[in-house]
Amino acid sequence: MEEYLQSALEIVKAQAGSRPMTEDEILSMIKSVAGGIAGLVGGQALPVGEDAALPAQDPKKAIKEASIVCLECGKSFKVITKKHLASHGLTAEEYRAKYGYKKTQA
Ligand SMILES: [Zn+2]
């Protein structure tokens with residue numbers, strides 16, 4: 001059994017012991033309590049700082065001394081070829097315009 005469902009059952013059992021409840025009340029309470037706990041658990045389970053794992057999306061940072069990061073797919077290249085940009089449906093001009101590179105930027 002899921003841990004949150006177990007917790008929900010404990011809560012509802014305690015509640016049912018303190019006042020008379022119909023079966024429907026108990027069932028709907030289990031559902032709402034379990035749903036509430038599941039929501040909390042789900043929220044906490046989200047990895048923190050996931051954004052940091054994404055490829056560099058800053059055009060300035062993308063250009064390193066010996067390599068350039070394709071801002072479309074996050075892969076590193078010595079040069080980004082027109083052929084590669086074409087695989088993203090972009091021309092060199094469109095790519096520069098999209099990411100704000102100067103026209104003179106190779
Ligand atoms: Zn790419």
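Visitor: Which residues does Ser67 touch?

Guide: Residues up to four places away in sequence aside, Ser67 touches Ala62, Ser76, Phe77 and Lys78; contact means heavy atoms within 4.5 Å. This is a predicted model, in which local features need pLDDT of at least 70 and side-chain atom pairs count only at pLDDT 80 or more, while totals for chains, interfaces and linings use all residues. Residues are numbered from 1 along each chain as its sequence is written, and side-chain values use heavy atoms, with hydrogens and water left out.

Visitor: Where is Ser67 placed, and is Ser67 buried or exposed?

Guide: Ser67 sits in the loop between α3 and β1. Helices (H or I, at least four residues) and strands (E, at least two) are DSSP runs numbered from the N terminus. Ser67 counts as buried because its relative accessibility is 18%; the cut-offs are under 20% relative accessible area for buried, over 50% for exposed and in between for partly exposed (1.4 Å probe, protein chains only).

Visitor: How many helices and strands are there?

Guide: The protein has five helices and two strands, in the order α-α-α-β-β-α-α along the sequence. Of its 106 residues, 22% are buried.

Visitor: Now the metal. What are the protein donors of the zinc ion?

Guide: Cys70 (SG), Cys73 (SG), His84 (NE2) and His88 (NE2) are the protein donors, 1.9 to 2.3 Å from the zinc ion. Donors are N, O and S atoms within 2.8 Å of the metal (3.2 Å for Na, K and Ca), and sites may look incomplete since water is not among the atoms. The site is tetrahedral, with angles of 106 to 117° among the four donor atoms; for four donors, that term requires all angles to lie between 85 and 135 degrees.

Visitor: What spacing do the donors follow along the chain?

Guide: The spacing is C-x2-C-x10-H-x3-H. Cys70 lies in the loop between β1 and β2 (76-77) and His88 in the loop between α4 and α5, so this pair ties together parts 18 residues apart in sequence. Cys70 is buried, at 0% relative accessibility, whereas His88 is partly exposed, with a relative accessible area of 26%.

Visitor: On to α5. Which of its residues are buried?

Guide: In helix α5 (residues 92-99), the buried residues are Ala92, Tyr95, Arg96 and Tyr99. They line one face of the helix, because they fall within an arc of 95° when seen down its axis; the arc is taken from the directions from the helix axis to the C-beta atoms. Glu93 and Ala97, on the other side of α5, are exposed.

Visitor: What do the buried residues of α5 pack against?

Guide: They pack against α3 (59-62), β1 (68-69) and α4 (82-87). Just after the helix, Gly100 has a positive phi of about 75°.

Visitor: How many residues are in the largest nonpolar core?

Guide: That core has 12 residues, including Ala62, Cys70, Leu85 and Tyr101. Its largest share, three residues, comes from α5. A nonpolar core is a set of buried Ala, Val, Leu, Ile, Met, Phe, Trp, Tyr and Cys residues joined through side-chain atoms within 4.5 Å.

Visitor: And which residues is Tyr99 in contact with?

Guide: Leaving aside neighbours within four places in sequence, Tyr99 is in contact with Pro59, Leu71 and Glu72.

Definitions and conventions
Four donors count as tetrahedral if all angles lie between 85 and 135 degrees; four count as square planar and six as octahedral if opposite donors are over 155 degrees apart and all others between 65 and 115; anything else is irregular.
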